Amino acid sequence: MITPAASRDLVPGCFPCDQQASAERPPREAVVETGHWRVAHAFDTSLAGWLVLLPTRHVTSFATVAPEAAEELGGLVRRLSVALEAVTGCVKTYLMQFSEAEGFSHLHLHLVPRMADQPENARGPGVFTYLGVDQTARIPERTRDELALAIRAAMPDVRTCDGVA
């Protein structure tokens, strides 16, 4: 539940802020939540595991992200990438940020699995062919909820997420 102090940092009518203000969110809208970030499964994608990382307050530029949130981001991205590899079988993840689409100026980052058999034209920036797809091609809500729970369960604990960079 959002606190009154935190609600002052949200902008009504901003889609991510409205989702953040919601008292109850399904797993697909709250894959992981920290004090600074909320992770959701993209709603308009045909690629299972397409995640969106959103600040828990209204931010439109990295320059205005709280230092604590910025420090937390790297570890969160790594832990989510480990979980995405385990759950989706992807060979790596892409991390992108633009926040330019109409109605989506709220800062958000796309963390996207790149599958081994992904066509060449859907690699790199071409991965966006999987976003903004027709309703009939989208990952169903129930599947996104199941993926969210599996990703959450597969996330390594911050204290045990060691490895070689």
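Colleague: Let me begin with a pair of residues: which residue in β5 does Val 52 stand opposite?

Modeller: Val 52 faces His 110 there. Keep in mind that this is a predicted model. The two strands involved are β3, residues 51–55, and β5, residues 109–114; they run antiparallel and are joined by three bridges.

Colleague: What is the strand order of the open sheet?

Modeller: Reading across, you get β1-β2-β3-β5-β4, five strands with antiparallel pairing. At the edges stand β1 (32–33) and β4 (92–97); each has a single partner strand, so one side of each lacks a neighbour in the sheet.

Colleague: Now a helix residue. Is Ile 151 buried or exposed?

Modeller: The cut-off to keep in mind is that buried means under 20% relative accessible area. Ile 151 has 0% relative accessibility, so it counts as buried. Ile 151 belongs to helix α4, which spans residues 141–154. Leaving out residues up to four places away in sequence, Ile 151 touches Val 31, Leu 51, Leu 80, Ala 83, Leu 84 and Val 87. Take Leu 80: 71 residues separate it from Ile 151 in sequence, yet their C-alpha atoms are 7.4 Å apart.

Colleague: What is the mean pLDDT of the protein chain?

Modeller: The mean is 87, with 85% of the residues at 70 or more. Residues 1–6 stay under 50, and the model gives them five contacts beyond four places in sequence. Residues 159–165 are also below 50, with six contacts beyond near neighbours in sequence.

Technical notes
Residues are numbered from 1 along each chain as its sequence is written. This is a predicted model: local features need pLDDT of at least 70, side-chain atom pairs count only at pLDDT 80 or more; totals for chains, interfaces and linings use all residues. Side-chain values use heavy atoms; hydrogens and water are left out. Two strands pair if DSSP finds at least two bridges between them. Helices (H or I, at least four residues) and strands (E, at least two) are DSSP runs, numbered from the N terminus. pLDDT is the predictor's confidence in each residue, from 0 to 100. Contact means heavy atoms within 4.5 Å. Buried means under 20% relative accessible area, exposed over 50%, partly exposed in between (1.4 Å probe, protein chains only).
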